[in-house]
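Hi,

Here is the structure I promised to pass on to you. Have a look at it first, and then read on for what turned up in it.

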Amino acid sequence: MAYDYEYLKKEVLALTAIDLNCYKEKQMKRRIDTLISKHKIEGYDKYVQGLRSDKALFDEFVNYITINVSEFYRNPEQWKFMDEKVIPELISKFGKSLKIWSAACSTGDEPYSLVMALSKHLPLNSIKIYATDLDKQVIAKAKVGLYAEKSVESVPADLKSKYFTKVGPSYKIADEIKARVEFKEHNLLKDTYPTDYHMIVCRNVLIYFTEEAKDEVFRKYFNSLAKGGVLFIGSTEQIINYKEIGYERKNSFFYQKP
């Protein structure tokens, strides 16, 4: 039997529920081949055997193929628009108990940024963010809440001094911010989506997906939003067929369900 990339995709789906068909093949195959060669493993069949028997190898693989590049307040001008326009509109429309989902939340930078952004408009005890990611390792890191200096450099100075403590070269997020986020594992390409959300934030993740997978996810987000709800996407992304799906565009990165 030829143990080719098709074989690997089939075995990975069975082992992890991650469908590699939904990722751009050339890019993903290169990443996986680099990982395999790092361990000096010969062939996909031997690597699959390792994934089955070696928990450390398995965890490393999941962590490696799920893209975890994140930082607080990434693209600050977009967060400014959210602070000045989007959040006040959502509060006036839906009240103070906003349902917000941070999808593919990685190491927690984004959901914690959301809590801090909302704290300028609402009391902390009324804020609740539902945050999900495919990778349980990054969720574990998010729950620890310890970040490198580069991750927090875009946090507004007043919020940084209020909600972060310096621990050696790193910054620890305050427990009162962490308490406002509920983390769960969730596979965007496989699992059921929650419903009636007032805002969904999913940024700079879908660029790694095929066009078909992207379209499917954007449609599912549309169905997950309440009427009048808003989707916030990344600066590297766009929804070309947003009108066809049903969205109205508020600006380049915010799309609303009418």
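Let's start with the second largest pocket, which has a volume of about 210 Å³. It is lined by 15 residues, and Thr 16, Val 62, Leu 134, Lys 136 and Glu 185 are the ones closest to its centre. Before going further, keep in mind that this is a predicted model: local features need pLDDT of at least 70, side-chain atom pairs count only at pLDDT 80 or more, and totals for chains, interfaces and linings use all residues. Residues are numbered from 1 along each chain as its sequence is written, and side-chain values use heavy atoms, with hydrogens and water left out.

A word on the terms. On a 1 Å grid over the protein atoms alone, a pocket is an open set of points with protein on both sides within 12 Å along at least five of seven lines, while a cavity is a set of points where a 1.4 Å probe fits but cannot get out; lining residues have an atom within 4 Å of a point. Points are joined across faces, edges and corners, and a volume is the space filled by probe spheres set on them.

At least two lining residues come from each of α1 (5-16), α4 (55-65) and α7 (136-144) (helices are DSSP runs of H or I with at least four residues, strands are runs of E with at least two, and both are numbered from the N terminus). The largest share, three residues, belongs to α4. By class, the lining has six nonpolar, four polar and five charged residues (nonpolar is Ala, Val, Leu, Ile, Met, Phe, Trp, Tyr, Cys and Pro; charged is Asp, Glu, Lys and Arg; the others, Gly among them, are polar).

There is also one cavity of 30 Å³ or more. About 40 Å³ of space lies in the largest cavity, and its lining is made up of Lys 96, Leu 98, Ile 100, Leu 118, Leu 122, Ser 126, Ile 127 and Lys 128. Five of these lining residues are nonpolar, one is polar and two are charged.

Now the strands, which count as paired if DSSP finds at least two bridges between them. An open sheet of three strands runs in the order β3-β5-β4, with antiparallel pairing. β3 (146-147) and β4 (164-167) are the edges, each with a single partner strand, so one side of each has no neighbour in the sheet. Two bridges join β3 to β5 (residues 170-173), and Tyr 147 sits opposite Tyr 171 in β5.

Elsewhere, β9 (residues 248-251) and β10 (residues 254-256) pair in the antiparallel sense over three bridges. A hairpin of two residues connects β9 to β10, and Arg 249 is opposite Tyr 255 in β10. For a parallel pair, look at β7 (residues 197-202) and β8, which share five bridges; Val 201 has Phe 232 in β8 as its bridge partner.

Is β8 enclosed or open? Eight of the nine residues of β8 (residues 225-233) are buried, so this strand is largely enclosed by the rest of the structure. Buried means under 20% relative accessible area, exposed means over 50%, and partly exposed is in between (1.4 Å probe, protein chains only).

On to the cysteines. The structure holds zero disulfides, a disulfide being a pair of cysteine sulfur atoms within 2.5 Å. For Cys 105, the nearest cysteine sulfur is that of Cys 202, 10 Å away. Cys 105 is buried at 1% relative accessible area, and Cys 202 also counts as buried at 1%.

Most residues other than glycine have a negative phi. Tyr 73, however, has a positive phi near 50°, and the phi of Asn 75 is positive too, near 60°. Tyr 73 is in the loop between α4 and α5 (76-94), and Asn 75 lies in that loop as well. Tyr 73 is buried, with a relative accessible area of 7%.

Lastly, Ser 161 belongs to helix α8 (residues 157-163). Ser 161 is exposed, with a relative accessible area of 60%. A polar atom of its side chain lies 3.0 Å from the backbone oxygen of Asp 158.

Cheers

Methods: Polar contact = N/O pair within 3.5 Å; in protein donor to acceptor, adjacent residues only side chain to side chain.
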